[in-house]
There are 4 protein chains.
Amino acid sequence: MDLSAIVSEIAEAMQSETDRGAVATYIPELGAVDPDQFGLAIWQPDGEVFAAGDADTPFSIQSISKVFTLTLAMREMGESLWHRVGIEPSGNPFNSIVQLEAEHGKPRNPLINAGAIIVADCLAAGRSAGEAQAAVTGFVQRAAGDASIAINPAVARSELLTGQRNRALAHFMSAEGNLRNPVEKVLEIYFAQCALSLTCRQLALAGRYLAMEGQVNDDVLTPPHRVRQILALMLTCGHYDGSGAFAYRVGIPGKSGVGGGILAIVPGRASIAVWSPGLGPNGNSLLGTRAMELLAARTGWSVFAP
Amino acid sequence: MDLSAIVSEIAEAMQSETDRGAVATYIPELGAVDPDQFGLAIWQPDGEVFAAGDADTPFSIQSISKVFTLTLAMREMGESLWHRVGIEPSGNPFNSIVQLEAEHGKPRNPLINAGAIIVADCLAAGRSAGEAQAAVTGFVQRAAGDASIAINPAVARSELLTGQRNRALAHFMSAEGNLRNPVEKVLEIYFAQCALSLTCRQLALAGRYLAMEGQVNDDVLTPPHRVRQILALMLTCGHYDGSGAFAYRVGIPGKSGVGGGILAIVPGRASIAVWSPGLGPNGNSLLGTRAMELLAARTGWSVFAP
Amino acid sequence: MDLSAIVSEIAEAMQSETDRGAVATYIPELGAVDPDQFGLAIWQPDGEVFAAGDADTPFSIQSISKVFTLTLAMREMGESLWHRVGIEPSGNPFNSIVQLEAEHGKPRNPLINAGAIIVADCLAAGRSAGEAQAAVTGFVQRAAGDASIAINPAVARSELLTGQRNRALAHFMSAEGNLRNPVEKVLEIYFAQCALSLTCRQLALAGRYLAMEGQVNDDVLTPPHRVRQILALMLTCGHYDGSGAFAYRVGIPGKSGVGGGILAIVPGRASIAVWSPGLGPNGNSLLGTRAMELLAARTGWSVFAP
Amino acid sequence: MDLSAIVSEIAEAMQSETDRGAVATYIPELGAVDPDQFGLAIWQPDGEVFAAGDADTPFSIQSISKVFTLTLAMREMGESLWHRVGIEPSGNPFNSIVQLEAEHGKPRNPLINAGAIIVADCLAAGRSAGEAQAAVTGFVQRAAGDASIAINPAVARSELLTGQRNRALAHFMSAEGNLRNPVEKVLEIYFAQCALSLTCRQLALAGRYLAMEGQVNDDVLTPPHRVRQILALMLTCGHYDGSGAFAYRVGIPGKSGVGGGILAIVPGRASIAVWSPGLGPNGNSLLGTRAMELLAARTGWSVFAP
């Protein structure tokens, strides 16, 4: 299998696509991103990275950060985390607030906004907002082996100003007693993690530990059974109400972000980062998803293959 | 790995469990089943079957039949099936009718009742109710290599008499134009498939094609890419609102039935049938689920392992 | 107050309206009705009837019949009726099946479809379907003092053939144990009552007892306190999810039907029937509602006036 | 009719009731109220007030204040208010956030919390929080003819500290663009109005304008047609998900508050204030509701009577 050729082919095929979805516009920093961009990077256990397109352009990873904060929170809290957040797909186009009310302030899973806010609240225990942000950034830097990775402060600030819906979620969970820290402190951490800025190449490196049972070279970031659990959550909940379709069409655990990025993991084989800013109807990168379908078809990669 | 020992150990551990869940009671035939039973059978590609406990006692496979009818319908309709039923987890404790209304009569996936009724409606096209039942039974017999497998007519009749909620679902979908055949004809097929009676051993054999890319010996039951799609649906939707938890704790695609059975598939490695009649809060076999957790822990089997 | 002039004026004003709403089309008999028609009839306690427009053209009263069957059922069951149906507005654009599920098969009130099906089920106790239909027709004839009032059999048959959504509701309530008679028997009664065919003049006469504390001349159809309760239900629940707006803009208890009719009652003063086939977004007659607003403004009639 | 005797009798009957409901406990100031209290005051157009029980003990009027702020906002905005809030009963035990999401941040009516927050936002236009509070208090003082009426600052402060659920509602509506002023400014106004402290006697006087077509002596507080509209909203929406039952059993427009008070209006005849701190399942005063039923039965008062 010539992965280098496959990667180039896919990037080329995506370049000529005309239906590229719609860029998120709820903050100016995301709305201003050029929709014609497409990047792809695949890291393999031998250390090689195959990249194509705009694989070295940084973008806002947004909800992909939920995978990293989840890893951290599971390390700190273990199974007790699930007293405060569920592990079931939300599976509902009428999304989160409805379910949050029906289930008394316990979000369905840690990969939707409400759940990730609870995870941020866990990371805020015994830490200032700044310390929690530093812990998250530090973890991503360590995973990627790249100390230059940083939060984009303009994006973080913009989110903090406009994130009324997330603020509503947080206040609602606070009313139900499921938020322990002050709402604004937690949101500061949450918005900061969403504003982490990485290139596809950096993101593929940051995902290595998920492809390698938790270990990068000699550094154990999390034990093997936790990695399996995180991958299970990514497969069932990683693409909002498009999670089933991604599992059906791609067959690889992934997590998307509203910035247009997707991190996908083939256990033991690859950590994949793809990025294209235009989104489809469920808020997942349109070309990113299509590229992942092509890649799965060309490589045969699937957790459902023998 | 001594699978024979593992299987015996698990059966023994389950025998001593005191919290066995509650047997389904909506029809007398299910309510009368002895809750103390537990069976486990694992088929492996070399043909060997490891079995323990009540692995040779027949039980009503109920919703597990949805996997077999789905296989048939995908073969006959291909991707056009998804115009009439979705591929997303239902993820909602307020279950199906609510979503059916919000989504105008299109069920969320083919492994919940409403979706399986649509699948039955597809199988009813160009067939009488009797012919459709014969097609389903024939497929399961062929998959298991066992012509003795049959529908329990008392169970089928009981369901037909009491299945008012499924009848409501069917009429609702009919009102929305998503059911093509008469409601009673479709329900006759649907209730018959649910009444298929198999032992764990038979069920593990019937699941072989899903572990072997669609092929049993020289018989191609469905192409490899369809198997991956079916396994994806089983992983994301196979345990109702406990699907996420099963993926998280077990990490293997499975489908449960209200009769207490679970069929689970490790691609390339094993077809597993487990049965214990008592159900947990989400309608999945309580000991069956626990046994699968133990099995996954002891064997290391997981689609999320390298 | 010159009611004769007011009635003529309103009919004239309505004739020139161009936005007339959309005629219901779910059965051919309703879809074929000429949308340009408008009728108005007002009965007053001195016996005089003021009528204008197409006040002598018969139309399908549909859900207005729910007021008459409710009167009958309350007479037979008293307060025990409320064990099986609620007395709260449904207040939900995602209408009835959702709430029916959330509230375990107990409809919100007797003036929505699900609730009226329960009322029909009550009338079916100890009666054949034919006897129940005769009881309903007989009651309306007696209330209107007109033995010529009858069910339109073509409409009843059409509803029976196409009413899959009501059938779904009935099966769902049957599954929850809230329907005592066979679904098809109850639906036969329900669809027959909906197919009652009256003119505005006949309907205004049929509503007299509600304006006169239950009594027409010397005939006591129901006691005074029941009339007040029925009027309260009409005011809070009589126009589906437009009930609040009707109370706000018109201020008079009313019940609408999908055939375009509205029966409205001013206690002690008037029984009003208005009809125009075109419906607004909530399924209430568009011009009928507008005419009622004009009438209330011109007469000062309102239950909220001193 | 000897109203003096009726009032005493009801107060006496209520005194001996043992099932008194549960006092609201979400803030300490409400939780500390003695549940054994009961007060009743009826004002009649001739100026006489009949009172009994604890009619001169001040209590927190809470949601009853929504009637007064609605009157003010309708005076300032007229029908344009309905672009931002609906006029339909919420009719949903799964209350407000669900509907708020389904209806994109537009509350169902101005008498539920979300709707009253929008009303407070309207009053905040061109006013500081302090000025808006002064406008509300001033209106109630003027309506009651009693300049001593004031906000209880301890209650207002407590609400501001604990009102996370209302804060969630406000942020959600802000996210949907339906809130114009800063969330905290609007909540300050809203919590202050809820903390208005009145006796039954004062409240009955404050409600006079609603019984008298908007006018108290020579002072026109609002035009007659607005009063009818406000009474319509009180009848259909004034008791949350118990509004239908109150209309059915009492038949008089009313508004309840979580402090245990109810203001009820018989057009042209009476302004009634009743208070007992214990609440029933829908959050309405248990004995207050029972007292209103007795009063309606004894006086024959009902908007549905001729």
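Student: How far apart are the nearest C-alpha atoms of chain A and chain C?

Tutor: This is a predicted model, where local features need pLDDT of at least 70 and side-chain atom pairs count only at pLDDT 80 or more, while totals for chains, interfaces and linings use all residues. Side-chain values use heavy atoms without hydrogens or water, residues are numbered from 1 along each chain as its sequence is written, and chains are lettered from A and ligands numbered from 1 in the order written. Chains A and C do not touch (contact means heavy atoms within 4.5 Å). Their nearest C-alpha atoms are separated by 11 Å.

Student: Which residues of α8(D) does α5(D) meet?

Tutor: Look at α5 (residues 113–123) and α8 (residues 164–175) of chain D; helices are DSSP runs of H or I, at least four residues, numbered from the N terminus. From α5(D), the residues involved are D:Asn113, D:Ala114, D:Ile117 and D:Ile118. By class, this contact has 6 nonpolar, 2 polar and no charged residues. The partners in α8(D) are D:Asn166, D:Leu169, D:Ala170 and D:Met173.

Student: Is A:Gln62 buried or exposed?

Tutor: Find A:Gln62 in the loop between β3 (59–60) and α3 (65–77) of chain A. A:Gln62 is not a glycine, yet has a positive phi of about 50°. Most residues other than glycine have a negative phi. Because its relative accessibility is 2%, and buried means under 20%, exposed over 50% and partly exposed in between (1.4 Å probe, protein chains only), A:Gln62 counts as buried.

Student: What is the relative accessibility of B:Tyr240?

Tutor: B:Tyr240 sits in the loop between α12 (224–237) and α13 (243–249) of chain B. B:Tyr240 also has a positive phi of about 50° without being a glycine. B:Tyr240 counts as partly exposed because its relative accessibility is 22%.

How values were computed
Axes are lines fitted to C-alpha atoms, for helices over the stretch in contact, and angles run from 0 to 180 degrees between N-to-C directions. Helices (H or I, at least four residues) and strands (E, at least two) are DSSP runs, numbered from the N terminus. Ala, Val, Leu, Ile, Met, Phe, Trp, Tyr, Cys and Pro count as nonpolar, Asp, Glu, Lys and Arg as charged, and the others, Gly among them, as polar.
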